[in-house]
Amino acid sequence: MTGAEPLLAVKLIPLYLLVAIGFMLGRFLEVNAREIGKLALFVLSPAVVFKGFYNARLDAAMAVLPLAVCALACLAAWVALPLAARRWSDGRERIAAFTAATGNTGFFGIPACLALIGPDSLAYVVLVSFGATAYENSVGFFVVARQESGVMGALIRVAKYPGLHACWLGVTLNLAAITLPAFVPQTVDLLAGGFSAVGMMIVGLGLAGIRRFRVDWGFLAFAFAWKFAVWPAAALAFVAVDRIWLHAFPPVAHQVLVVESLVPMAAVTVVHATLQGIHPDRAAVAVALSTLFALVWLPLVFSAWN
């Protein structure tokens, strides 16, 4: 053990408390997870996206990182989708492909990087998170919506999705150096601040719907293989290439890429599963188990590599 596991676990205690609160809301007050999911996906999440891109440092060198992460995530989703479709045809293939290409880069990744690397990692971890967020709000949303609505219908749903417009609007205002009236960023801050709490409570709401604890071992194995094997291998390969030939990023950026490649499944996976009615209880179990696994696996792999 590295000694980082307890520190990371302590930093993540608030997230587990939020999951517990969501569980109690669902089990004892019968709160509707689907309606809460709509709030998170269509209101709070776009606020987080807009805030991130509006405030980001977008010079040419730093902009490469989120673009590269987004491109790799899109590629992963398109590779994972036909593989998952060979096993499932009830919607799980869409959720599996979506979650294979992203992870909890924000709620889990930021505290993990601060605990294992230090404050110098913050700028890079935020940019990596931006790349994952851009995927989730474009190709990721399309992958989830495609089967239900068809290709054209999915494209229309993506075009209507507030998160996508929050991306380009935030980038445009940032690059144009446009300063918004104070009440706009203040409102966005209030909305964005609620996303982490609501997102983790949705995981608890999903768990509350479980009447008999059942692990979908096939779905779990697929998600774990992508999250804890494929992504780390890709990150380590990129770091090796950059160290030997490209020399584009400093060592702290390499460390961030490795840590972020080992984060657990994204909590928004449960949001999509809930809204689409695709086994949200199984998705919640998978997200919870991947988070517990990452508490041990991430610092072990990072320490061995570092």
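**Loops, core and ring pairs in a predicted model**

Modeller: At 28% relative accessibility, His279 counts as partly exposed, and please keep in mind as we go through this that the model is a predicted one.

Colleague: Where is His279 found?

Modeller: His279 is in the loop between helix 14 (268-276) and helix 15 (280-305), and its phi is positive, at about 45°, although the residue is not a glycine. As background, most residues other than glycine have a negative phi.

Colleague: And Ala177, what is the phi there?

Modeller: The phi of Ala177 is near 55°, again a positive value in a residue other than glycine, and this alanine is found in the loop between helix 9 (162-175) and helix 10 (183-193).

Colleague: Is Ala177 buried or exposed?

Modeller: Ala177 counts as exposed, because its relative accessibility is 64% and the cut-off for exposed is over 50%.

Colleague: What does Tyr135 touch?

Modeller: Leaving aside residues up to four places away in sequence, Tyr135 touches Cys70, Ala73, Cys74, Ala77, Ala97, Phe98, Ala101, Thr102, Gly140 and Phe141.

Colleague: Which helix holds Ala71?

Modeller: Ala71 has its place in helix 4, which covers residues 60-85, and with a relative accessibility of 47% it counts as partly exposed. The C-alpha atom of Ala71 is separated by 9.4 Å from that of Ala134, although the two residues are 63 apart along the chain.

Colleague: OK, aromatics now: how many aromatic pairs does the structure hold?

Modeller: The structure holds 12 aromatic pairs. One of the pairs is formed by Phe224 and Phe293, whose ring centres are 5.3 Å apart and whose planes stand at 45°, so the pair is tilted.

Colleague: Which parts does that pair tie together?

Modeller: Phe224 lies in helix 12 (residues 217-246) and Phe293 in helix 15, so the pair ties together parts that are 69 residues apart in sequence. Phe293 itself is partly exposed, with a relative accessible area of 34%.

Colleague: What about the rings of Phe302 and Trp305?

Modeller: The ring centres of Phe302 and Trp305 are 6.0 Å apart and the planes are at 45°, so this pair is tilted. Phe302 and Trp305 are 3 residues apart in helix 15, which means that about one helical turn separates them. Phe302 is buried, with a relative accessible area of 5%, whereas Trp305 counts as partly exposed at 23% relative accessibility.

Colleague: Last topic, then: where is Phe50 found, and what does it touch?

Modeller: Phe50 is found in helix 3 (residues 33-55), and, not counting residues up to four places away in sequence, Phe50 touches Ala166, Leu169, Gly170, Leu173, Leu180 and Val188.

Colleague: Why does Phe50 count as buried?

Modeller: Phe50 counts as buried because its relative accessibility is 10%, and the cut-off for buried is under 20%.

How values were computed
Residues are numbered from 1 along each chain as its sequence is written. This is a predicted model: local features need pLDDT of at least 70, side-chain atom pairs count only at pLDDT 80 or more; totals for chains, interfaces and linings use all residues. Side-chain values use heavy atoms; hydrogens and water are left out. Helices (H or I, at least four residues) and strands (E, at least two) are DSSP runs, numbered from the N terminus. Buried means under 20% relative accessible area, exposed over 50%, partly exposed in between (1.4 Å probe, protein chains only). Contact means heavy atoms within 4.5 Å. Rings of Phe, Tyr and Trp (its six-membered ring) pair if their centres lie within 6.5 Å; planes under 30 degrees apart count as stacked, over 60 as edge-to-face and the rest as tilted.
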